[in-house]
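Hi,

Here is the model I said I would pass on. Have a look at it first, and then read my notes below.

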Amino acid sequence: MMQISESHLQKNSLFNSMNRFIGAVNNMDQTVMVPSLLRDVPLEEEREMAALKSSGNSDIEDGDMYSYYQLLKSIRCDIEWGVMRAEEAKKRKESRDSISRMDSAEEDSEVSSEEDEDNLQKQFQFHMTGLHGVLSKLTQQANTLTNRYKQEIGIGSY
């Protein structure tokens, strides 16, 4: 009984979500032998474009499968290697805003440490839930792209 509930909980872990996404993108990458064939192949208008527009993703400008293929591979690299570029940009912005933060830091020091701990836990849970949901959607979309590629080259859907 304990193993069943543990495996159910592990299924929903962030680590397993990342592994499923990376596996789906690796499968997509191995299946798509000629990525340039994805150029000018539109995404299915109904489901896929609605999902992309609702996510507010500005990285997909062309709306074709090739740009989405590139996006999924880029996200996989960010997960595997980290997002150093984003951290560097954040540090540059922080150095520009350091003077204004010094003034506001004095006002913020009055917040109790218990409130900070509760807030941090809520923020962590919120972001973990969001990240798990995003990874699940991206995994599904990588699988969809793989199947669409197979259809385009005549292998058929599996």
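This is a predicted model: local features need pLDDT of at least 70, side-chain atom pairs count only at pLDDT 80 or more; totals for chains, interfaces and linings use all residues.

If you want to click through the lining, select Ile-75, Asp-78, Ile-79, Val-83, Leu-131, Val-134, Leu-135 and Leu-138. By type, that lining splits into 7 nonpolar residues, 1 charged and no polar. The volume of this pocket comes out at about 190 Å³.

Now the overall picture. The chain has 7 helices and 0 strands, so if you read the elements from the N terminus you get α-α-α-α-α-α-α. Of its 158 residues, 23% count as buried. Take the contacts between residues at least 6 apart in sequence, and 77% of them join residues at least 24 apart. As for aromatic pairs, the structure holds 1.

Next, Tyr-66, which belongs to helix α4. Is Tyr-66 buried or exposed? Its relative accessible area is 19%, and the cut-off for buried is under 20%, so Tyr-66 counts as buried. What sits over the ring of Tyr-66? The charged end of Arg-39 does, 3.9 Å from the ring centre. Arg-39 also turns up in the contact list of Tyr-66, together with Pro-35, Ser-36 and Leu-38, once residues up to four places away in sequence are left out. Pro-42 is worth a look as well: Tyr-66 and Pro-42 are 24 residues apart in sequence, while their C-alpha atoms are 8.9 Å apart in space.

Staying on α4 (residues 65-81), have a look at Arg-76, which is found in that helix. Arg-76 has 10% relative accessibility, so this arginine counts as buried. Which residues does Arg-76 contact, leaving aside neighbours within four places in sequence? They are Phe-21, Ile-22, Val-25, Asn-26 and Asp-29.

Thr-31 is in helix α2. This threonine counts as buried because its relative accessibility is 16%, under the 20% cut-off. Not counting residues up to four places away in sequence, Thr-31 touches Thr-146, Tyr-149 and Lys-150.

Last one: Asp-40, in the loop between α2 (14-31) and α3 (45-55). Most residues other than glycine have a negative phi. Asp-40 has a positive phi, near 65°, and is not a glycine. With a relative accessible area of 71%, Asp-40 is exposed, since the cut-off for exposed is over 50%.

Cheers

Notes. Residues are numbered from 1 along each chain as its sequence is written. Side-chain values use heavy atoms; hydrogens and water are left out. Helices (H or I, at least four residues) and strands (E, at least two) are DSSP runs, numbered from the N terminus. Buried means under 20% relative accessible area, exposed over 50%, partly exposed in between (1.4 Å probe, protein chains only). Contact means heavy atoms within 4.5 Å. On a 1 Å grid over the protein atoms alone, a cavity is a set of points where a 1.4 Å probe fits but cannot get out, and a pocket is an open set with protein on both sides within 12 Å along at least five of seven lines; lining residues have an atom within 4 Å of a point. Grid points are joined across faces, edges and corners, and a volume is the space filled by probe spheres set on the points. Ala, Val, Leu, Ile, Met, Phe, Trp, Tyr, Cys and Pro count as nonpolar, Asp, Glu, Lys and Arg as charged, and the others, Gly among them, as polar. Rings of Phe, Tyr and Trp (its six-membered ring) pair if their centres lie within 6.5 Å; planes under 30 degrees apart count as stacked, over 60 as edge-to-face and the rest as tilted. A charge sits over a ring if NZ of Lys or CZ of Arg is within 6 Å of the ring centre and within 35 degrees of the ring normal.
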